Each structure stands twice: as C-alpha cells, then as structure tokens.
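Hi everyone, thanks for coming. Today I'd like to walk you through one protein chain, residue by residue in places, so please have a look at the picture before we start.

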Amino acid sequence: MQQSIWTETGIALREVELPPLKDGWVRLKVGACGICGSDLHGYKEGVYRAGGVPGHEMAGTIVDGPTGLADELYAVEPWLWCGECEFCRIGKVQHCKNGMLVGAQVPGGLADMVDVPALHIYPSDPSLSAQEASLTEPFGICTRAVHLCDLRMDTRVLILGAGSLGLISGMLCQGYAERVAISYRYPSQAEAATNLGLEPVHEDDVLGWAQDYGPDVVLETVGGHANTMDVATAACRSGGRIVVLGLFSIKPELDMRALIRKELKIMGSAFFGTSEHGPEFRASTKLLPHYKADLPVLQTHQFPLSRVTDAFAAAVSKDDRPIKVTIFPGS
C-alpha cells in the first residue's frame, strides 16, 4: 500500500507491506484524511520525527477486524488511551499516562490503510461523505474546548485565530453565547468567518474590540510563534477565562500582572475527554451533521494521496489561503 512518511527534509510516499493486524484492532481503508495544524507546525519547522507516518483526522471503511462490525463509514478517535492508568480509571482519558496518538506514535491515516483499536472507531452519520466525516476529530477537539469555556447565553467570546480550529470553535459557540468574534489576518479568513455567521475582527484591531465589548472568554487557537497569550490576557475582561487550544512552538510571553490583577483563569485544552454524557469524541459525531451545510467553508483544498507533497505545500502557502486541506488515499 501507499503510505506517507516524514523525511529529513519534508514528506514523501513509500510502498509498504501491510503488517499483521493486532487482536482487537481494525484495518480501515482510509477515505479521507485532513492535514492538522500540528502537522503543519512540524512540516514548517522540521521538528517531526523522520520515519513517522502522519495523519490523525480521518474517516474510512473496515476491510479487516473483529466480526460483528457494521459495513459503514467510521471516524477514528486518534488519541489511544490505555484504560488502566489512574486518569483513565476516573474517565479523564485526555490525561492518560500511556496515551499514544495515531499519526505520531502510531502510523497515521495519510495512507491507503490504517490500523486502529476497534474501541476507537465511531460510526459516522449516513448523510456525511468521507471528506466531511474527516472533520470529526477537529470537531471533537473544539467540543472539548467549548465545554471548558463554560458558556452562558450572555457570554461574549473572542476567538484568536481564524484557522480551522478557530472557525469550528466559533461555530460551536454560537448557540451558547451572546456574541462570538474571531480575529483574522487574511481577507479569506474574514470571508469564511462571515459566511459562518461569526464577527470577524482584524488581528490589529482585537484590543480595541475587546475594550468596547469586554469578552468573558478568550479562546486561543493560533499557537506556533504567536504572541497571542499576551493578547489574550490584555483582551479578556476581569474575572474572565482563557482557554488555550493552540500548540505553541515557543514558551509564549504572559503578562502575569494582568493575570493577577484581573483574576483570570487560564486552562489548556488537549484531547477530547469524557463529559457526563460519555466520550466527547462521540458527541462530535452527533454534532457534525448539524453543520453539514457549512463544511465547504472549512474544507477549501483537496488532493489525492499521490500528491501529498503538493498538499502540504498548499497548506502552508500564503497565496492559496487554505483553511483545511484534505487528502484522499486511493487516488
């Protein structure tokens, strides 16, 4: 089968033999796999692990595995928790001491086939294509973050960053907040935000907007080398909450005086965990169909697996202005 692989200089394709399938695991034919922001951080900065197989935003159909599984499209929960450590035993699987990520420690979905534990696949809604269902994972990440935002009907939300996670978070916040604004850098991001019913604010105007409207919650989705933690503490109103989704490549500066003076709460949001209704990843499979009409706004670029190098080049291009690049194995 064809499988993408990190190299010392970027990403490439190779032909590999299928390994023996582990007990309790399933083999999926990957229908679609998205390129994540964390993949792009590694790609741009050269910090990926050479020899690893990326891809953790995927959906596919079963070709091998335990009997009794329905022949349908499945989304993959890529955070593989152990189920035995002290955190897993109390349902906080996002903190698993032995957790592994498909696409990092386990070969990922930018390949024709991928093997994952049967416990970590969820049936997708029949109305969704593989391309649409591949957004289940980022929807799950944002579901977790929005839960941590602790929204009320009169909450004012400011989201920093109009990439896919920022836009999805804004979509999810809309039904539970009075006002949802999102910062953008490029006109294409502002257009996407407007099309999704969000209030776009240019990144240079964020503090002015915050002074006028006083956001109770600031949701950081940029990470990388950005100064967004300083912006978040300056923008958030006293007594407010900052939830951090962005994966930083640096130790960002933080205004501790503002943190103390304003009595702000800062929370990180890692992987999907468990709510009182069960796995947050399962919740994202139920939420996603409600946003089907809006998904084309997010999924801007598509490539076959044979052009994986072109897909990553487009994903970091300043000219193409992508939001979510999706790759189709088998083509």
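When I say that two residues are in contact, I mean that they have heavy atoms within 4.5 Å. Please keep in mind as well that this is a predicted model.

Leaving aside its neighbours within four places in sequence, leucine 247 is in contact with Ser38, His41, Gly223 and Gly224. You can find leucine 247 in the loop between β14 (241-244) and α9 (256-261). Is leucine 247 buried or exposed? With 51% relative accessibility, leucine 247 counts as exposed, because the cut-off for that word is over 50%. Here is a distance to go with it: the C-alpha atoms of leucine 247 and histidine 225 are separated by 9.4 Å, and these residues are 22 apart along the chain.

Another leucine in a loop is leucine 119, which sits between β8 (113-117) and β9 (121-123). Leucine 119 counts as exposed, at 56% relative accessibility. Now look for tryptophan 25: leucine 119 is 94 residues from tryptophan 25 along the chain, yet their C-alpha atoms are separated by 7.9 Å.

Let's go inside. In general, nonpolar side chains of soluble globular proteins tend to be buried together. In our model, the largest nonpolar core has 50 residues. Which residues have the most contacts inside this core? They are Phe139, Val157, Leu167 and Leu298. Helix α4 (residues 136-149) gives the largest share of this core, six residues. Apart from this core lies another one, of 29 residues, and among them are Trp6, Ile11, Val102 and Phe303.

I'd like to stay with leucine 298 for a moment. Not counting residues up to four places away in sequence, leucine 298 touches Leu135, Phe139, Leu167, Ile168, Met171, Leu196, Ile323 and Lys324. Two names there, Phe139 and Leu167, are also on the list of residues with the most contacts inside the core.

Follow the chain on from α4 and you reach aspartate 150, in the loop between α4 and β10 (156-160). The phi angle of aspartate 150 is near 50°, a positive value in a residue other than glycine. Aspartate 150 is partly exposed, with a relative accessible area of 37%. Glutamate 263 also has a positive phi without being a glycine, with a value near 55°. Glutamate 263 belongs to the loop between α9 and β15 (265-268), and its relative accessible area of 63% makes it exposed.

Arginine 27 is in strand β3 (residues 25-34) and counts as buried, at 8% relative accessibility. What does its side chain reach? The side chain of arginine 27 reaches the backbone oxygen of proline 19 at 2.5 Å. Among the residues that arginine 27 touches are Leu18, Pro20, Asp64 and Asp115.

Threonine 233 lies in helix α8 (residues 228-235) and counts as buried, at 1% relative accessibility. A polar atom of the threonine 233 side chain lies 3.0 Å from the backbone oxygen of aspartate 230. Further along the sequence, threonine 233 is in contact with residues including Ile242, Leu254, Ala258 and Ile266.

Last topic: cysteines. How many disulfides are there? The count comes to zero. Cysteine 33 is in no disulfide, and the nearest cysteine sulfur, that of cysteine 36, is 9.7 Å away. Cysteine 33 is buried, with a relative accessible area of 0%.

Definitions and conventions:
Residues are numbered from 1 along each chain as its sequence is written. This is a predicted model: local features need pLDDT of at least 70, side-chain atom pairs count only at pLDDT 80 or more; totals for chains, interfaces and linings use all residues. Side-chain values use heavy atoms; hydrogens and water are left out. A disulfide is a pair of cysteine sulfur atoms within 2.5 Å. Buried means under 20% relative accessible area, exposed over 50%, partly exposed in between (1.4 Å probe, protein chains only). Helices (H or I, at least four residues) and strands (E, at least two) are DSSP runs, numbered from the N terminus. A polar contact is a pair of N or O atoms within 3.5 Å; within protein, one must be able to donate a hydrogen and the other to accept it, and residues adjacent in sequence count only if both atoms are side-chain atoms. A nonpolar core is a set of buried Ala, Val, Leu, Ile, Met, Phe, Trp, Tyr and Cys residues joined through side-chain atoms within 4.5 Å.
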